[in-house]
Amino acid sequence: MDEGDDYGTGGLMDDPEDYYPSTPPPTQQVFTMGSGREIVLNLVGHSPTEAHHLWNGAKIVSDYFEEDPTRVRGKTVLELGAASGLPSLVAGIFGAKKVVMTDFPDPDIVMTMQKNINACDEAFEPRGHIAKTIDAVGFVWGGDPVPLIARLSPEGDGGAGSAATGRRFDVLILADLLFRHSEHGALVKTMRETMEISRHSAAYVFFTSYRPWKKDLDMGFFDVAREAGFEVEQVLEKKLEKPLFENDPGDLDVQKTVKGFVVRWPEGV
């Protein structure tokens, strides 16, 4: 049979041009800091990893850093599941020593994160500081941490510097990731392998239970963290004026509430 033979159907079996919905175009959102300064954020048009949303957890943990910049100033920072990378940008603005912004290694997502880094660098003085401080990297939770840790080396030498000396990240950011219940183990594995083994390091885990009937499953992340040897402390609970997603089912108060936790290594590590 010839590949071009359609048995006289005249193209009847061809998909119409509008059969598959087109991918939504990229979007922009503006985040206003407590100081009144604005950060313009680019988002992919759609992503199966939900990177096309500016999540409430990302907004509130960014506010949390602005309220006390010493939480990130002079420190090395790793963000997991960054999407737009808002908390990473805020950490860079407030003086983080080095920031590695990561999300699923999809070219569009990584390119969008880099676009936000470039735009923030243009908007905030001194010019060049944000671009030099923040890297956008594709990463799968639970994967090999060496390429991430290598970013802490001035040469970014693939692990011959920071990875060899044992230096890790002082701060981790996990904003609205807990709804992926099957990935809790992978997230904790990455925390164990990338967070500086010190009482002074911290993972900031901020989230909303967008599906209220699964909030216990969301909270199960902290059981996994405790089993892995971490200590967990709740540091924030804030009810917003409205939920991120309108007309979703479930308890509206739960959907409007952002909770913030700090996960640390125990005393004496």
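Author: Happy to! Two residues are in contact when they have heavy atoms within 4.5 Å of each other. Helices (H or I, at least four residues) and strands (E, at least two) are DSSP runs, numbered from the N terminus. This is a predicted model, in which local features need pLDDT of at least 70 and side-chain atom pairs count only at pLDDT 80 or more, while totals for chains, interfaces and linings use all residues. Residues are numbered from 1 along each chain as its sequence is written, and side-chain values use heavy atoms, with hydrogens and water left out.

E50 is not a glycine, yet its phi is positive, near 70°.

Further along, H53 also sits in the loop between strand 2 and helix 1. Setting aside its neighbours within four places in sequence, H53 touches L43, A83 and F245. T27 is 26 residues away from H53 in sequence, and their C-alpha atoms are 9.4 Å apart in space.

Now for helix 1 itself. Its axis and that of helix 2 (residues 86–93) are 8 Å apart, and the two pack at an angle of about 15°. Helix 1 therefore counts as roughly parallel to helix 2, a term for angles under 35 degrees. Here the axes are lines fitted to C-alpha atoms over the stretch in contact, and angles run from 0 to 180 degrees between N-to-C directions. The two helices cross in a right-handed way, the near helix being turned clockwise from the far one by less than a right angle.

Which residues of helix 1 and helix 2 meet? Helix 1 brings A58, K59, V61, S62 and F65, and helix 2 brings L86, P87 and V90. By class, the contact of helix 1 with helix 2 has six nonpolar residues, one polar and one charged. Nonpolar here means Ala, Val, Leu, Ile, Met, Phe, Trp, Tyr, Cys and Pro; charged means Asp, Glu, Lys and Arg; the others, Gly among them, are polar.

A cavity is a set of points, on a 1 Å grid over the protein atoms alone, where a 1.4 Å probe fits but cannot get out. There is one cavity of 30 Å³ or more. The largest cavity holds about 40 Å³, a volume being the space filled by probe spheres set on the points, which are joined across faces, edges and corners.

Its lining is made of H53, L54, W55, A58, E79, G81, A82, A83, S84 and A175; lining residues have an atom within 4 Å of a point. Six residues of that lining are nonpolar, three are polar and one is charged. A83, one of the contacts of H53, is also among the lining residues.

Conventions:
1 Å grid on protein atoms, 1.4 Å probe; cavity = no way out; pocket = protein on both sides within 12 Å on 5 of 7 lines; lining within 4 Å. Parallel < 35°, antiparallel > 145°, perpendicular 65-115°, else oblique.
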